[in-house]
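This report looks at how side chains pair with one another in a protein chain. Please look through the sequence and the structure before reading on.

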Amino acid sequence: MKQPILSKSKAAVGDPLAEIYADKPSTYFDGTRLDIVGELEVGNQSILELGCGSGGTGSAALAAGKAQRYVGIELDAKAAAVASERITEVLVGDVTNMDLGAFAGAFDVLIMSEVLEHLPDPWGTLQQLVACLKPGGRVYASSPNVAHRHVLMNLVRGSFDYAGDGVMDRTHLRWFTPTSFRQMFEEAGVRVTSVGPVVRPGWKAQLIDRLTGGRIRHLFIVQIMVRGVRR
């Protein structure tokens, strides 16, 4: 049975961090990661998602029999209200102000899609979230790649312009390369099993990658995807 919003942190109402997202269209919170859902095992597992938005990924996982319990954490109150009708539980507010101690070792899977870059201290927050996993629990996370060739070309031109979405989303507080993103997870107690693109690059990029022995692979990754397990 679906439960109402479980709790609110102080950041949920009137907090400057939450207000940053007030002008975002509702579609900003609608993303469903069917690629991740497709990788999940069928079974009665518990899943925690940071930045669940309006609950699209969680709803798909529950419908596919990939989860018995799906808990989301969401800063935007409007998106969280929608998610509360679609997944098991929603915590609405700023994760950095939440006490997640009650969730220690409670989850089989942790999902973080395009959210860690929005946090002032993703390193510390990630350690708290990984502690919510059972040993051997799986991690799926993605983030924009600041080492993409388009970003670097703009820097060469002297440009570092913010946008409404994408790598240069003005709500981003942190940026990662594939190497630094992986390192953050390893330091948080995750054994990283793969690092790569969310979407496979085109054939030209793949050809260049083979010719250069993977040395400039980062230039063609738009979004970094990390998979791993809790040690």
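By about how many helical turns are Arg182 and Glu186 separated in helix 7? The model considered here is a predicted one, and the report comes to this pair first.

Arg182 and Glu186 are four residues apart in helix 7, so about one helical turn separates them. These two residues form a salt bridge, in which the closest N and O atoms are 3.0 Å apart. Arg182 is partly exposed, with a relative accessible area of 33%, and Glu186 likewise counts as partly exposed, at 33% relative accessibility.

## Other salt bridges

Side chains of opposite charge can pair when their charged atoms come close. Six salt bridges are found when the whole structure is searched. One of these joins Glu89 to Arg69, with 3.4 Å between the closest N and O atoms. Because Glu89 lies in strand 4 (residues 89-92) and Arg69 in strand 3 (residues 69-74), this pair ties together parts of the chain that are 20 residues apart in sequence. Glu89 counts as buried, at 13% relative accessibility, whereas Arg69 is partly exposed, with a relative accessible area of 23%.

A further salt bridge brings together the side chains of Asp35 and Arg33, at 2.7 Å from N to O. Here Asp35 is partly exposed, its relative accessible area being 31%, while Arg33 counts as buried at 11% relative accessibility.

## Aromatic pairs

The search of the whole structure also finds seven aromatic pairs. In one of them, the rings of Trp123 and Phe176 have centres 6.3 Å apart and planes at 65°, so the pair is edge-to-face, given that planes over 60 degrees apart count as such. Trp123 lies in helix 5 (residues 122-130), and Phe176 lies in the loop between helix 6 (149-156) and helix 7 (178-187), so the pair ties together parts that are 53 residues apart in sequence. Trp123 is partly exposed, with a relative accessible area of 35%, but Phe176 counts as buried at 2% relative accessibility.

Tyr162 and Trp175 form another aromatic pair, which is tilted, with 6.2 Å from centre to centre and 45° between the planes. Both Tyr162 and Trp175 lie in the loop between helix 6 and helix 7, so this pair ties together parts that are 13 residues apart in sequence. Tyr162 is partly exposed, with a relative accessible area of 43%, and Trp175 also counts as partly exposed, at 25% relative accessibility.

Notes:
Residues are numbered from 1 along each chain as its sequence is written. This is a predicted model: local features need pLDDT of at least 70, side-chain atom pairs count only at pLDDT 80 or more; totals for chains, interfaces and linings use all residues. Side-chain values use heavy atoms; hydrogens and water are left out. Rings of Phe, Tyr and Trp (its six-membered ring) pair if their centres lie within 6.5 Å; planes under 30 degrees apart count as stacked, over 60 as edge-to-face and the rest as tilted. Helices (H or I, at least four residues) and strands (E, at least two) are DSSP runs, numbered from the N terminus. Buried means under 20% relative accessible area, exposed over 50%, partly exposed in between (1.4 Å probe, protein chains only). A salt bridge is a side-chain nitrogen of Lys or Arg within 4 Å of a carboxyl oxygen of Asp or Glu.
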